[in-house]
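Here is a short briefing to read alongside the model. Please keep the viewer open as you go through the points.

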Amino acid sequence: MKKIGILFTSRNNYESLQYWIDNVDTEGFQILNIDEDSDEENKKIGKEVCEKNNIIYMDREDRGMQNNITTASKHFTSKNIDWIIWFQHDCFPSTKNFFSKLNDLLLKGTLNEFGVVGFNVLHDGV
């Protein structure tokens with residue numbers, strides 16, 4: 001059972017989303033992209049990128065990250081997904097099978113006492 005949903009919020013940056021998808025093994029975990037008011041040309045590109053990569057595309061309901069998290073929570077909860085992992089387009093997992101390893105921790109209940117989990121960021125491979 002997969003307990004993780006991957007969330008992106010995008011605004012006129014779909015080339016970055018495609019680059020991320022091309023370089024990360026998402027291991028079949030569901031991805032939701034919420035568009036935060038891209039211009040019409042970029043929305044079209046975004047819909048194409050999402051369709052090509054089996055990503056769910058959604059226009060934002062209300063502006064702002066908190067509202068996007070609420071929208072994502074409703075979406076993922078309806079799919080029996082309990083945890084949202086929000087990625088920015090320039091952040092990449094550095095561990096092989098990252099999503100499966102995190103999912104295993106969640107299935108075992110290791111993180112049940114937490115509402116939020118964060119990860120360190122490495123710069124220049126340091």
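The notes below go from the overall fold to the strands, the salt bridges and a surface patch.

This is a predicted model. The chain holds four helices and four strands, and along the sequence they follow the pattern β-α-β-α-β-α-β-α. Of the 126 residues, 37% are buried.

**Overall dimensions**

- Along the principal axes, the C-alpha atoms fill a box of roughly 45 × 35 × 25 Å.

- Strand 1 covers residues 4–10, and seven of its seven residues are buried.
- In a regular strand, side chains alternate between the two faces of the sheet.
- On one side of strand 1 sit Ile4, Ile6, Phe8 and Ser10, on the other Gly5, Leu7 and Thr9, and both faces are covered.
- Strand 4 (residues 83–86) runs parallel to strand 1 and is joined to it by four bridges; here Gly5 stands opposite Ile84.
- Strand 2 (residues 31–35) also pairs with strand 1 in the parallel sense, over five bridges, with Ile6 opposite Ile31.
- Between strand 1 and strand 2 the chain passes through helix 1 (residues 14–23), and this β-α-β crossover is right-handed.

**Salt bridges**

- How many salt bridges does the chain have? The count comes to six.
- Side chains of opposite charge can pair when their charged atoms come close.
- Arg63 and Asp37 meet at 3.0 Å, N to O. Arg63 lies in the loop between strand 3 (56–59) and helix 3 (65–77), and Asp37 in the loop between strand 2 and helix 2 (40–52), so the pair ties together parts that are 26 residues apart in sequence.
- Both partners are partly exposed: Arg63 has a relative accessible area of 42%, and Asp37 has 28%.
- Asp59 and Lys43 form another salt bridge, at 3.1 Å, N to O. This pair links strand 3, which holds Asp59, to helix 2, which holds Lys43, 16 residues apart.
- Is Lys43 buried or exposed? Lys43 is buried because its relative accessible area of 14% is under the 20% cut-off, whereas Asp59 is partly exposed at 34%.
- Glu61 and Lys74 meet at 3.7 Å, N to O. Glu61 is in the loop between strand 3 and helix 3, while Lys74 belongs to helix 3, and the two are 13 residues apart.
- In this pair Glu61 is partly exposed, with a relative accessible area of 44%, and Lys74 is exposed, with 52%.
- Salt bridges with shared partners connect Glu36, Asp37, Arg60 and Arg63 into one network.

**Nonpolar surface patch**

- Which residues make the nonpolar surface patch of about 280 Å²? Phe114, Val117 and Phe119 do.
- Val117 is found in the segment after helix 4 (98–107).

Technical notes:
Residues are numbered from 1 along each chain as its sequence is written. This is a predicted model: local features need pLDDT of at least 70, side-chain atom pairs count only at pLDDT 80 or more; totals for chains, interfaces and linings use all residues. Side-chain values use heavy atoms; hydrogens and water are left out. Buried means under 20% relative accessible area, exposed over 50%, partly exposed in between (1.4 Å probe, protein chains only). Two strands pair if DSSP finds at least two bridges between them. A crossover is right-handed if, with the strands pointing away from the viewer, the path from the first strand over the helix to the second runs clockwise. Patches are made of residues with over 30% relative accessible area and no salt bridge: like charges are joined within 9 Å, nonpolar side chains (Val, Leu, Ile, Met, Phe, Trp, Tyr) within 5 Å. Accessible areas come from the Shrake-Rupley method with a 1.4 Å probe; for residues, only the protein chains shown count as cover. A salt bridge is a side-chain nitrogen of Lys or Arg within 4 Å of a carboxyl oxygen of Asp or Glu.
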